[in-house]
Each structure stands twice: as structure tokens, then as C-alpha cells.
Amino acid sequence: MAPTTVHRPSKSKLSRENGSLRPPRNVRGVARYYFLYEHLSGALNDGTIHAGGALPSEPDLATRYKLSRTTVRRALARLEEEGRIVRHQGRGTYARQSYKPPALHLNLQDFFKELPALASRTASSVLRFEIGPTPPALRELQPQLAPHALIVQRLHRFRGTPFALSTAYVPERIGERVPREAFDQSSLLTVLDQLGRRTTKTEYTTTAVAADVVAAKRLNVQLGAPLLRNRAVLFSAGGVQAVVDSVCRPDRFNIRAALERSPLRNSRSQWRLKRS
Amino acid sequence: MTRGTNAGGVTRYLRVYTVLSQALAQGDIGAGEALPSEPSLVHQYGVSRTTVRRALERLAAERSIVKRKGSGTFARNKIVRAASTRQTAAILDDPRNLATNTTVRVLEFKNTPAPEFLQREWPEFGPTVLTIRKVRYVDRKPVVLVTNYVPEEVGRQLTQRRLGNDTCLGALDKLGFHGASAEQEAGAVTADPFAARHLGIRVGAPVLNLKSLARDSRDRILRYANYLYRPDRYEIHTVVERDRPHRGHYTQSL
């Protein structure tokens, strides 16, 4: 196959699939322009349309996807609003910048060093600090948790912009010894360390959720926008000592891991975190 | 949500539906528990009564909630979401299970020009890559849509038959290309129409996105993979030990 550098996305380059993408006509609850928006957005994100590259013209898009000019314009208007394309009158539409990885990460292989470092690089404000009932769904997963916990909800900011909303559940007997100010600048890990309750192990779970009303408002995203959801279960020698749930804006924060092949042939998982 | 806009491209009713349906599945609203009243949902979400009713109607049609005249709306079934997510994840994470307990549908297996971002980030890939795109199912339910890019040199002996049910790295391992290190990045994205169709979810639904670059012991790139997981069926589970870092583990099978 001949090497190619594509400056103008052709029909086949734009499609993720063999043949062309046909926006489904009638999907309940989804605006038609949204399919084109998503499609172009994906092409801009993965570099199929590279920075500075031209997008197909409006009439081209309308014909190709069998959409009205108005629908095409709505999709382009939204990309323009998001600062991802530039439209020059008479000259066409161009990709502004390609995908930029978020500014903040947590490297899981260095979790115990990076979490405190992240807390000192960023700012947080305590939204909630009170003893309350542990959510039943959480107790079902972690039966070791007491029925009541100190609940600490914080909004985390980096350079003034919110990137994560976290809720920590600390069993009452440990939580009642923690002053509110302790959370101004430190991670829960550090706070517990200072209480002499050293965390020896963390179970970290990552998935995606749709932003609910609270998360959407605090993180300044649309209701239903995709968020990265992390749950850290902190263990001391005596068992579970805290659970921290957080939802994060994926454009500002993500989770990384450096892995190496496990030398143990029969281990359940062939890969493990790289030793630092 | 601001009243009067559906700038998300997804209508208001569908977003209210998504968020309520997630709260029910996660147990934020427990089995048998009452949902907030219609007026209070109207207030909370900043939408019209009609929009709230449409969302509730859809949940009722799916039998997630039950409306009782005069007394309100209640969560119906008990969905232990996390447990089943963990079961699915455990099957997917055990390499010995992949061959027997999962099925794969290959959507694409061919040499293609390397996407622009690959050439830009890792010029070592060269102009042509073997692109393998497939969906993996557990109990016949789609869990992950993965796109692999393998440098032409590395993928030369790989055939669709040799790949079988294996992971791309697993198949390469058998051909003598042994993975030694990998860098991974987890994020969240919305399902585009292609992903939505193959994962059986709605367009715009949240999806767990994992990007992974694997190299051999001489630092040669073996493959780049982009995984899109259904978040209700999979989560990435990592254990980190503080004093014995070598004991920690990462469960995903690559």
C-alpha cells in the first residue's frame, strides 16, 4: 500500500467503517445534527482530520450524509463554538488544533507519591463535611464500612478551573478525629497518615458515568456529559479505612498506568504495574 | 441544565432519562425507594413537566420504575450493578477465560494507511499499519469495541485465523513478538453512532476509553489499541501496594 499523507479528508478517510457513515434517520431523542457533529468531532480527535487540515465543504457534507444545509451548519457551528474549527468566508473550514491530552494525570504505578503531589499542585474547596449515613450501595460493596461515616465532599481545581468532584467516606470512629482544615491542602491519604493510620494498599477502580445534576453544575459540563469515575478503597493493616469516589472531567484529568510483563507465568494477570 | 437549550445535541428528555436510569442502576435510588416527585424533578433538572414525564414514561416502559396512582413513583427492580460488572470484568480479565468464555466479532482486519495521530506521535509506526477492529462479547453481550494498530513489520504473519479469539498482543506473543511494557491512559468519551451500534447503547452515552501502547523488551512498538468499554459491564481494577509495589497488580488482560 502506498504511503499517503492526506491533507483533505476524502470520503474513505473520514469513515470509521468500510463505506460511508449514514447517520441514522430517526433515533429518538437525538438531534440529527448531532450525528454529524460526533462524527466530525471523532475525526478531529483522532487526527483523521489533522491540525490545519481542511474539512469537506458544506455542500459536500450535505450531499455525503444526506442532510440539509441547516443541519450541516448546526454541526459546524457547534465545533466552531468549541474552538475546534475555524471558518474562513469563501475559503472553507479548517481544523484548529488536534487532540491535546489533558493537563493533569494520576500515574497509578506511583499512586502513593502522586496523590499527595497532586493535592499540593491543585486547590480544593470543602463543600460538605459532616457525619452521615454511608450510602447503602457502597456498604453492599464494602460491608466492612460502618453505617455512619464522615462524609467529605470536595471540588478540586487546577489553575482556577474545576476538574474533579470527590466524596470521601471515612468510618465515624476515624473521621471524628479529623479537623475540617486538614482537607484544605492535603489528600485523604496524607490526612490519614498524619493520624497514624497508614494506608498500605489501595484498590482503584475506573469507569465512565454520565454527569448527574450535581456533577454537571460543579464541573461546569452538560447534564449527561461523559465523566471519568474513580473509586479508591484505602486499606490499612486493619482493613478498609476509607472510600473515595470521584468524578473527573476527562478533558482535564485522566488516569495513567505504566505496566510491565509479569515474570510469573501462571499469574492470573500477565501484566502488573511497573516498579518505580 | 439551562432551560431552553439542547446544545448537547441530545434532547433534554433523553439526558434526564440517562441520569435517572444511571441512578437506578447504581443503587443511588435503591430498590423500592421513591423517586423525587415530578415537580421536584422539574425544579432539579430545570426542564418542563412534559420532559420529566417523557423520561419517566420511558423508565416505566423499561420496567425500571413503577408508578402508583396517588402515592408516587418507585424504583422497581433490584439491580446489583457493581457485582455483575465485576463478574463480567473478571471473565474478561482472566486470559485463560478469553478463549472459552468470550466471543469476538472482527469488523476489520486489513492493512491501512496509519492514522495521522499515530504517525505524529510515534513515527516508528511507518506509513502502513495492520488495523484490527473487533467487538468482544461476554455471554453474547457486547462489552468492548477495540481498534488495534500493528506496525506492518510486526503484523506480517498475523492472520485472522491465527488471531482467533485471542487478544492482539496474545496472538503476537505466539508469533514470537513478546510484549514487555505498556503505557495506558483511561478517559471517558461519548459513544459515536458507530460505537453505539456495536456496543448496543445509545449515541451520546458515556463510554470508558482506554488507550494502550505496548512495546517489546527492545522497546519496539508492537501495537497501539483504543478500547471503548461499556461502563455498565466493565471497569478497570488496579491494586497498588504501598510498601511492596511489586505485589500490586493490574487486572486487564492485554
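Visitor: Hi! What should I know before we start?
Guide: The model is predicted, so local features need pLDDT of at least 70, side-chain atom pairs count only at pLDDT 80 or more, and totals for chains, interfaces and linings use all residues. Residues are numbered from 1 along each chain as its sequence is written, chains are lettered from A in the order in which they are written, and side-chain values use heavy atoms, leaving out hydrogens and water.

Visitor: Okay, how many aromatic pairs are there over all chains?
Guide: There are 12. Rings of Phe, Tyr and Trp (its six-membered ring) pair if their centres lie within 6.5 Å.

Visitor: And which residues do ring pairs link into a cluster?
Guide: Phe117(B), Trp122(B), Phe125(B), Tyr149(B) and Tyr224(B).

Visitor: Which ring does the charged end of Arg78(A) sit over?
Guide: That of Tyr37(A), 3.9 Å from the ring's centre. In chain B, Arg54(B) lies over the face of Tyr13(B), at 4.0 Å from the ring centre. To count, NZ of Lys or CZ of Arg must be within 6 Å of the ring centre and within 35 degrees of the ring normal.

Visitor: New topic! How many helices and strands does chain B have?
Guide: Chain B has 10 helices and 10 strands. These are DSSP runs: helices are H or I with at least four residues, strands are E with at least two.

Visitor: What share of chain B is buried?
Guide: Of its 254 residues, 56% are buried, meaning under 20% relative accessible area with a 1.4 Å probe, protein chains only.

Visitor: And what does its C-alpha trace span?
Guide: About 70 × 40 × 40 Å along the principal axes of chain B.

Note on methods
Rings of Phe, Tyr and Trp (its six-membered ring) pair if their centres lie within 6.5 Å; planes under 30 degrees apart count as stacked, over 60 as edge-to-face and the rest as tilted. Buried means under 20% relative accessible area, exposed over 50%, partly exposed in between (1.4 Å probe, protein chains only).
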